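Here's a quick briefing to read with the model open next to you. It goes from the overall fold to a handful of residues worth a click.

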Amino acid sequence: SNNNNNNNNNVKTKEEEEDDVKEKAQFQKEKDESAWKAKQSDLTKKRQDFHGAVAYAYSGIFAWQMYGTAENVDEFGNPYTEYLMRCQWGTTWENMKPWIAARRYKEFCFLDTQV
């Protein structure tokens with residue numbers, strides 16, 4: 001009966017409050033995910049030739065896509081492959097500036113272990 005009194009007086013139980021928090025967190029997650037999809041579609045519309053990833057970062061727009069590969073030789077004469085990435089950043093879609101970054105696969109593996 002105590003629970004009925006709480007409900008009648010619009011007083012939430014601890015479980016109801018926890019459920020509300022979970023529901024709000026789920027709503028925020030869905031909102032964030034839909035915002036990402038909107039950003040990706042913006043990029044697709046603005047940059048027809050782009051087939052990579054995009055995020056809003058550092059008060060601007062950062063985009064990344066695989067560009068190609070290049071063969072290279074390390075300081076010991078061992079051949080390896082560098083992966084070339086085309087990166088872009090700008091404060092708006094219209095002023096994004098591109099650059100190429102080259103990294104070895106093992107550098108990505110190391111980064112993955114750090115993240």
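What follows is a short tour of the fold, the charged residues and a loop.

This is a predicted model. The protein chain has three helices and four strands, and along the sequence they come in the order α-α-β-β-β-β-α. Of its 115 residues, 17% count as buried.

- Glu 15 has a relative accessibility of 60%, so it counts as exposed, the cut-off being over 50%.

- Asp 74 sits in the loop that links strand E2 (60-73) to strand E3 (79-90).
- Asp 74 is buried but has no salt bridge; its nearest oppositely charged side chain is Arg 104, at 4.3 Å.
- What Asp 74 does have is a contact from its side chain to the backbone nitrogen of Asn 78, at 2.8 Å.
- The side chain of Glu 82 makes a polar contact of 3.4 Å with the side chain of Asn 72.

**The loop between E1 and E2**
- Tyr 58 and Ser 59 are both found in the loop between E1 and E2, with strand E1 spanning 53-57.
- Tyr 58 has a positive phi of about 50° without being a glycine, and Ser 59 has a positive phi of about 60°, again without being a glycine.
- Why flag these? Because most residues other than glycine have a negative phi.
- Tyr 58 is exposed, with a relative accessible area of 76%, and Ser 59 also counts as exposed at 71%.

**A pair apart in sequence**
- Phe 62 belongs to strand E2.
- With a relative accessible area of 29%, Phe 62 is partly exposed.
- Phe 62 and Thr 92 are separated by 30 residues in sequence, and their C-alpha atoms are 9.8 Å apart in space.

Definitions and conventions: Residues numbered from 1 in each chain as written. Predicted model: local features only at pLDDT ≥ 70, side-chain atom pairs only at ≥ 80, totals over all residues. Heavy atoms only, no water. Buried < 20%, exposed > 50% of the residue type's maximum accessible area, 1.4 Å probe, protein only. Helix = DSSP H or I, 4+ residues; strand = E, 2+ residues; numbered from the N terminus. Lys, Arg positive; Asp, Glu negative; His and termini not counted. Salt bridge = Lys/Arg side-chain N within 4 Å of Asp/Glu carboxyl O. Polar contact = N/O pair within 3.5 Å; in protein donor to acceptor, adjacent residues only side chain to side chain.
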